[in-house]
Amino acid sequence: MILKPYDDEVIKKLNVTAVKIRKHVIEMLYRAKSGHPGGSLSAVDAIVALYFHHMRHNPKKPEDPNRDRFILSKGHAAPTLYAVLAECGYFDVKELKGLREVNCMLQGHPVSLYVPGVEASTGSLGHGLSFANGVALAGKADDKKYNVYVMLGDGETDEGQIWEAAAVASHYKFDNLTALLDRNFLQIDGNTEDVLRLESVRDRWSSFGWHVIEIDGHDIGQIIDALLKADEHKNQPSMIILNTVKGKGVSFMENNVDFHGVPPNEMEYKLAMREFDVLQRRLEAS
Amino acid sequence: MGKEMVNPRSAYGETLIELGKKHPNLVVLDADLSKSTKTILFAKKYPERFFEMGIAEANMISTAAGLASCGKIPFVSTFAVFATGRVYDQIRMDVAYSNANVKIFATHGGISVGKDGASHQMTEDLALMRVLPNMTVFAPSDATQTRRIVELMATNKGPMYARIGRASTPLIYKKEELKDISIGKGMITKDGEDVSFIACGTMVDHVLDARKILSKEGINARVIDMHTIKPIDKKLVLKCAKETNAILTAEEHSIIGGLGGAVSEILAEEGLPCRFRRMGVKDIFCESGEPADLFEKYGLNAKHIAKVANELIR
Ligand SMILES: Cc1ncc(C[n+]2csc(CCOP(=O)(O)OP(=O)(O)O)c2C)c(N)n1
Ligand SMILES: [Mg+2]
């Protein structure tokens, strides 16, 4: 493993990138007049850390057999993935304007067939970890050095398939696999603990044979450290529990279940953009 | 003059409340979509008879079968894609094979789901459910008919599946017009002799519009609302074949295996000299977009239907 050193400057740059991605997300959803702000915003910092710092990937060679892979199992956070892929250079940033429109590339949920950089078609929850297992298994079988990262929603882990996959990953000792759980405590019908209790999340994954790390999912330094630890860990798959805030970055969307699947209206859009501008200036001045 | 638009999902939720009052055995299960399917209305009124199952649809179906085995009348709701394809084996074994009294009521069927994209636009559910022995399959066309179908599901025994769309749709019927509605009996919504449209779900409104376009050209189309896809009203299909000599089916579903499939099976076996076209999704995955844009692109709006009907009878 090559350790990529990072310092305050690197973190600052990544934080600025995260604001840029959040702006894209809100703009895309406002334009599309549909989509999922809450879970897109909570996922930003981890996906930014992966693509802009941690993963070995080349936007000019999206099919490179040795690339690290990222699978967005919670496919409704597609806007975040699309914005990140576009800013990395997988496709033209202009495509973001066509999100969810007829005759455009960017579908409401990710489709691997149409979008360079999208590894798996998702949107039906619960499949991504199994898919990631397949990629990890192929990596082991072919003696490849790539790592597989997969992001799950916390509500998504209600699905039985997640636990089938969790058992397989530890049984086969997939130490080339790291899952990231967007632990924002909300799904659609309410708080995850009221809908279908998940706690203790940490104990559940440990008892399934996983190496568990728990961090602040909006602290990019912590995210990078956790990813490095996960990569280094041998003989077990790793689960990084990202403690996050649904709607992170927009005051009135934060922890607000109503913004799971409702886009901002014009006033909300403007307010959100203003909040991002303030944040961006503060970060750049720091 | 605009049409009166009503959301069939609200009609479903409201009817559940009425039925809940009449049937103390009626229970409702949902998989983290109660705000979308509108089972939340029932949940608020009868919290002790509503079971939130989380995002775990397979478990939900088998649980419903267990409830039914104890005399409950479970209504199970989620989006059509998760209510059928995702849980097919659970439905096959625990519901259909066991002839369990489970009512699967799915919302967000078809391409009018719109912007969420093909992952969420279920266009194979009618086929999947139709092929299962013991299963009754409905696709109501408006909010009024949705109410009546939900009542029929609650009061008749056996495994049943119904699907409605996401969007609000024009009201086609007044309550009185549906007092005689029954399972397996199609409705002649508008009579005509030149061509028969046999449609279900949201497409009934589209063929009614196509009928208006055709009437300006002197063509008098019959409109059949085939709310029950299975058992299909074979008598009515044959009557249309004989009386109009031309049938066009329309559904927000694959042209394979659903309404068009069912009608073509009847026509082929009877060997009637009837011109025939299926309109629906032509064995492809569609895409994200405004429903109106999708109906235009995939040839399912009134204009396209009228054109195909015109060609069919020329
Ligand atoms: C199999 C399946 N069932 C239901 C849905 C509908 N749905 C979309 S998002 C969502 C809630 C997801 O909650 P969570 O995983 O916590 O995501 P986040 O909070 O990160 O948005 C549901 C139920 C789906 N997409 N797939
Ligand atoms: Mg969540």
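In this predicted model, Leu137(A), Val168(A) and Tyr172(A) form a nonpolar patch on the surface, with about 270 Å² of accessible area together. Patches are made of residues with over 30% relative accessible area and no salt bridge, with like charges joined within 9 Å and nonpolar side chains (Val, Leu, Ile, Met, Phe, Trp, Tyr) within 5 Å. Accessible areas come from the Shrake-Rupley method with a 1.4 Å probe, and for residues only the protein chains shown count as cover. Tyr172(A) lies in the loop between α6 (160–171) and β3 (177–183) of chain A; helices (H or I, at least four residues) and strands (E, at least two) are DSSP runs, numbered from the N terminus. Tyr172(A) counts as partly exposed because its relative accessibility is 47%, where buried means under 20% relative accessible area, exposed over 50%, and partly exposed in between (1.4 Å probe, protein chains only).

Local features need pLDDT of at least 70 and side-chain atom pairs count only at pLDDT 80 or more, whereas totals for chains, interfaces and linings use all residues. Side-chain values use heavy atoms, with hydrogens and water left out, residues are numbered from 1 along each chain as its sequence is written, and chains are lettered from A and ligands numbered from 1 in the order in which they are written.

Ligand 1 lies between chains A and B. It is surrounded by 25 residues, of which the closest are Lys74(A), His76(A), Asp154(A), Lys246(A) and Glu57(B); a residue is near a molecule or strand if one of its heavy atoms lies within 4 Å of it. Polar contacts (pairs of N or O atoms within 3.5 Å; within protein, one must be able to donate a hydrogen and the other to accept it, and residues adjacent in sequence count only if both atoms are side-chain atoms) to oxygen atoms of ligand 1 include one from an N or O atom in the side chain of His76(A), at 2.7 Å. A backbone N or O atom of Gly155(A) is 2.8 Å from an oxygen atom of the ligand, and a polar side-chain atom of Asn184(A) is 3.0 Å from an oxygen atom of the ligand. Of the 600 Å² of accessible area that ligand 1 has on its own, the protein covers 99%.

Asn184(A) counts as buried because its relative accessibility is 5%, and Leu186(A) is buried with a relative accessible area of 12%.

Two cis peptide bonds can be described. One runs from Glu199(A) to Ser200(A), with omega near 5 degrees, and Ser200(A) is found in the loop between α7 (192–195) and α8 (201–207) of chain A. Another runs from Lys230(B) to Pro231(B), with omega near -5 degrees; Pro231(B) is in the loop between β12 (228–230) and α10 (234–244) of chain B. Most residues other than glycine have a negative phi, and most peptide bonds are trans. Lys38(B), not a glycine, has a positive phi of about 75 degrees and is found in the loop between α2 (34–37) and α3 (39–45) of chain B. Phi of His108(B) is likewise positive, near 60 degrees. His108(B) lies in the loop between β5 (103–107) and α7 (125–130) of chain B and counts as buried, at 5% relative accessibility.

Over all chains, 34 salt bridges are found, each a side-chain nitrogen of Lys or Arg within 4 Å of a carboxyl oxygen of Asp or Glu. Arg100(A) forms a salt bridge with Asp116(B), the closest N and O atoms being 2.8 Å apart. This pair crosses between chains, from the loop between α4 (78–88) and α5 (128–141) of chain A to the loop between β5 and α7 of chain B. Both Arg100(A) and Asp116(B) are buried. Within chain B, Arg163(B) and Asp125(B) meet in a salt bridge (2.9 Å, N to O). The pair links strand β7 (residues 160–163) to helix α7, 38 residues apart, and Arg163(B) and Asp125(B) are buried. Asp154(A), Arg183(A), Glu193(A) and Glu199(A) are joined into one network by salt bridges that share partners.
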